[in-house]
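Please walk through this fold one interaction at a time. Start with a pair of aromatic rings, then follow the charges, the helix packing and the backbone.

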Amino acid sequence: MKIAILGTGMVGKAHAGRLVALGHEVALGTQDVEATKKSDKPDNAGQLFADWLAKNQSVQLMPFHEAAEFGDIIINALSGEVSVLVLTGLNQQIGKKIVIDIANPLDFSHGFPPTLSVSNTDSLGEQLQAAIPKARVVKAFNTLTAALQVEPSLIASGEHALFISGNDAVAKQQVTELAESYGWHTIIDLGDISTARGSEMYLPLWLRLMDALGTPMFNIAIIK
């Protein structure tokens, strides 16, 4: 399958590497290809993008519009603050494709920890669905650090939960199958895209847990 990932940060790179290992054709979308290749800004793990790309040469780097055209499925791994703007501009290329929205509406304007730019009565997932109405937006993977998103077995033998939200049942099934290929066993369908409010509003707690635990390598297990 051809999968396009919008965003070249830690999350985008984590999914790109895992998807290639699973046999998919992968393109990373960026605003400026040459600038991204030459960037001297390391990610949160201290890695330069050029160094990562040299080790992952099968991953294609494309402008956003070419990546959106390329992918059968599109993963939004952009920051929450630019997601709606960028994807709105790709409406024609995206069409009716599945868009897996990993982003969170984090507002860092007042420092760390961030607040949410939208909550309670709306969500970033809903805003994206409204901005690209023909697309089938599925909120997923946004409650975990990048490494766990693509390899849940790194903690508790993978016995913890992934949440998804979306209006289209077929799209959610395809995202579920993709997640299962990553190794996810417990995938909980919260309901329509409005339920993304819940998973996004978990982020303030996630940030406090990361600080208290001293690591992002944790997740929720649901016991009933």
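Phe-49 is buried, and so is Trp-52; buried means under 20% relative accessible area, exposed over 50%, and partly exposed in between, with a 1.4 Å probe and protein chains only. This is a predicted model, where local features need pLDDT of at least 70, side-chain atom pairs count only at pLDDT 80 or more, and totals for chains, interfaces and linings use all residues. Residues are numbered from 1 along each chain as its sequence is written, and side-chain values use heavy atoms, with hydrogens and water left out.

A pair of aromatic rings is described by the distance of the centres and the angle of the planes. Rings of Phe, Tyr and Trp (its six-membered ring) pair if their centres lie within 6.5 Å; planes under 30 degrees apart count as stacked, over 60 as edge-to-face and the rest as tilted. The count by this rule is four aromatic pairs. One of them joins Phe-49 and Trp-52, tilted, at 5.8 Å centre to centre and 35° between the planes. These two sit three residues apart in helix α3 (residues 49-55), so about one helical turn separates them. Helices (H or I, at least four residues) and strands (E, at least two) are DSSP runs, numbered from the N terminus.

Trp-206 and Phe-218 make a stacked pair, with centres 5.4 Å apart and 25° between the planes. This pair links distant parts of the chain. Trp-206 is in helix α11 (residues 203-213), and Phe-218 is in the segment after α11, 12 residues apart. Both residues are buried.

Now the charges. The structure holds seven salt bridges, each a side-chain nitrogen of Lys or Arg within 4 Å of a carboxyl oxygen of Asp or Glu. In one of them, Asp-43 meets Lys-13, with the closest N and O atoms 2.5 Å apart. Asp-43 is in the loop between α2 (33-38) and α3, Lys-13 in helix α1 (residues 10-21), 30 residues apart. Both are buried.

What does Lys-139 pair with at 2.7 Å? Asp-101 is a partner, by the closest N and O atoms. Lys-139 lies in strand β8 (residues 136-140) and Asp-101 in strand β5 (residues 98-101), so the bridge ties together parts 38 residues apart in sequence. Lys-139 also bridges to Glu-200, at 2.7 Å from N to O. Glu-200 belongs to helix α10 (residues 196-201), so this pair ties together parts 61 residues apart in sequence. Shared partners join Asp-101, Lys-139 and Glu-200 into one network. Lys-139 is buried, at a relative accessible area of 1%. Glu-200 is buried, also with a relative accessible area of 1%.

Next, helix packing. α1 and helix α9 (residues 169-182) pack at about 80°, with axes 11 Å apart. Axes are lines fitted to C-alpha atoms, for helices over the stretch in contact, and angles run from 0 to 180 degrees between N-to-C directions.

The backbone comes last. Most residues other than glycine have a negative phi, and most peptide bonds are trans. A cis peptide bond joins Phe-112 and Pro-113, with omega about 0°. Pro-113 is in the loop between β6 (106-107) and β7 (115-116). Ala-156 is not a glycine, yet has a positive phi of about 50°. Ser-157 has a positive phi near 55°. Ala-156 is found in the loop between α8 (146-150) and β9 (161-166). Ala-156 counts as exposed, at 53% relative accessibility. Ser-157 is exposed, at 59% relative accessible area.
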